[in-house]
Amino acid sequence: MKIAVVLLVFAVSCIYAQQPTPCETPVLWEGRASAYDHGKGIHNRFNISYDYYGRRKRIVDEIDANLPGRQFFEYLLLYEVNAFYSINRVTGQCNKTSVAPFPWQPFEIPLDATFEGEYTIGGGNCLITAVEFSDRAGTSPFTWIGSFTYPSCIPIREIVIQPGPDDIQTSVTNSFYDITAGIRNPNIWIPPPNCE
């Protein structure tokens, strides 16, 4: 009987030892992304730059000729100085406000995240391993589910579900692609002169 219990404990510990723990995402990266708001049916494509240490994000709408009349923007979120810049890419008009309505949310896997599973993207000789984590059981007012390459920890997709008015949830799916480590042009964090 004791041998059976020892073997069972050993088997369970081996299973848990094989589950990936949250990896560390790159601290500086840029690439392309898309966001789909499920409630509004709106799909946006944009370029994104991310600086974990400087607590900065830059989002630039991709201009789409198939959307006549739509305004396209560049957003510069500088959390260290509490500044949010919204720059119209067509007119050049710039508005500066507080970044407070948009709390800092790093592109990372929370340390207390729950491992949801591992899967493979691609086929044949071109395979990428991905891991999925969530914070569904966390204390945050929203639910987050994120997929990352493994072991390099490049973001692939995140789903954010937030409670809304009258208990109606809103959800947004962000997909990331063409990600490269580092920031090619460090001047992207400097707001245009007409913004000051």
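**Ground rules**

I number residues from 1 along each chain as its sequence is written, and I use heavy atoms for side-chain values, leaving out hydrogens and water. As the model is predicted, local features need pLDDT of at least 70 and side-chain atom pairs count only at pLDDT 80 or more, while totals for chains, interfaces and linings use all residues.

**Entry 1: disulfides**

I looked for pairs of cysteine sulfur atoms within 2.5 Å, the cut-off for a disulfide. I found two disulfides.

I took C23 and C153 to begin with. Their disulfide has an S to S distance of 2.0 Å. The torsion about the S-S bond is about 75°, so this disulfide is right-handed. I then placed both ends, with helices (H or I, at least four residues) and strands (E, at least two) taken as DSSP runs numbered from the N terminus. C23 sits in the loop between α1 (2-18) and β1 (28-37), and C153 in the loop between β9 (143-149) and β10 (155-163), so the bond ties together parts that are 130 residues apart in sequence.

I checked burial next. Buried means under 20% relative accessible area, exposed over 50%, and partly exposed in between, with a 1.4 Å probe and protein chains only. C23 is buried at 14% relative accessibility. C153 is buried at 0%.

I moved on to C94 and C195. Their sulfur atoms are 1.9 Å apart, and they form a disulfide. The S-S torsion here is about 115°, so this disulfide is right-handed. C94 lies in strand β6 (residues 94-97) and C195 in the segment after β11 (169-181), so the pair ties together parts that are 101 residues apart in sequence. C94 counts as buried at 14% relative accessibility, and C195 counts as buried at 6%.

Counting bonded cysteines along the chain, I get the pattern 1-3, 2-4. I also looked up C126, which is exposed with a relative accessible area of 56%.

**Entry 2: S49**

I found S49 in strand β2 (residues 42-51). S49 is buried, with a relative accessible area of 4%. Which side chain does S49 join by a polar contact? The partner is E30, at 3.4 Å. A polar contact is a pair of N or O atoms within 3.5 Å; within protein, one must be able to donate a hydrogen and the other to accept it, and residues adjacent in sequence count only if both atoms are side-chain atoms.

I listed contacts as well (heavy atoms within 4.5 Å). Leaving aside neighbours within four places in sequence, S49 touches residues including W29, R56, I183 and W189.

**Entry 3: pockets**

I searched a 1 Å grid over the protein atoms alone; a pocket is an open set of points where a 1.4 Å probe fits, with protein on both sides within 12 Å along at least five of seven lines, and lining residues have an atom within 4 Å of a point. A volume is the space filled by probe spheres set on the points.

The largest pocket has a volume of about 1,300 Å³. Of its 33 lining residues, A35, I59, F102, V172 and N174 are the closest to its centre. The largest share of the lining, four residues, comes from β2.

The second largest pocket holds about 220 Å³. It has 13 lining residues, and those closest to its centre are C23, E24, T25, Y52 and E108.
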